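The stops below go from the whole chain to one helix pair and then to the core.

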Amino acid sequence: MAFCDGTSVWVAEWRAVDVVYLEFSKGFETVSCNIVIGKLRRVRWTESWVNGRARRAVISSAESGWRPVTSGDCQGSVVGPVFFNFFTNELDKGT
């Protein structure tokens, strides 16, 4: 409400208003593992959490082959939120 009220006043006063909306709900699933590894190296974490992972799909008794994981976090892992924080803490640089 405060945001809407503030921008409405600025628009009524003919002031310039720029708005940027960021949505992160699925954003980390598309991040390259190389980006995450680079950030982890800077904070001296091991890359074993993201390197060499594979996934497959299982539906009833049908199984797909294993495929390497090249993006995203470890779904359901305890370090997933930590990786997300490492990735997003520098989003404002260069903008």
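Which pattern does the chain follow when read along the sequence? The pattern is α-α-β-β-β-β-α, from 3 helices and 4 strands; helices (H or I, at least four residues) and strands (E, at least two) are DSSP runs, numbered from the N terminus. This is a predicted model, in which local features need pLDDT of at least 70 and side-chain atom pairs count only at pLDDT 80 or more, while totals for chains, interfaces and linings use all residues. Residues are numbered from 1 along each chain as its sequence is written, and side-chain values use heavy atoms, with hydrogens and water left out.

Show the surface of the chain. Of the 95 residues, 21% count as buried (under 20% relative accessible area, 1.4 Å probe, protein chains only).

Next select residues 33-42, helix α2, and residues 80-88, helix α3. The two pack at an angle of about 85 degrees, with axes 10 Å apart (axes are lines fitted to C-alpha atoms over the stretch in contact, and angles run from 0 to 180 degrees between N-to-C directions). Therefore α2 is roughly perpendicular to α3 (65 to 115 degrees).

Show side chains at this contact (heavy atoms within 4.5 Å). Ile35, Val36, Lys39 and Leu40 of α2 meet Phe83, Phe86 and Phe87 of α3.

Finally, select Val31, Val36, Ile37, Leu40, Val50, Val79, Phe83, Phe86 and Phe87, the 9 residues of the largest nonpolar core (buried Ala, Val, Leu, Ile, Met, Phe, Trp, Tyr and Cys residues joined through side-chain atoms within 4.5 Å). Helices α2 and α3 each supply at least two residues of this core.

Technical notes. Parallel < 35°, antiparallel > 145°, perpendicular 65-115°, else oblique. Buried < 20%, exposed > 50% of the residue type's maximum accessible area, 1.4 Å probe, protein only.
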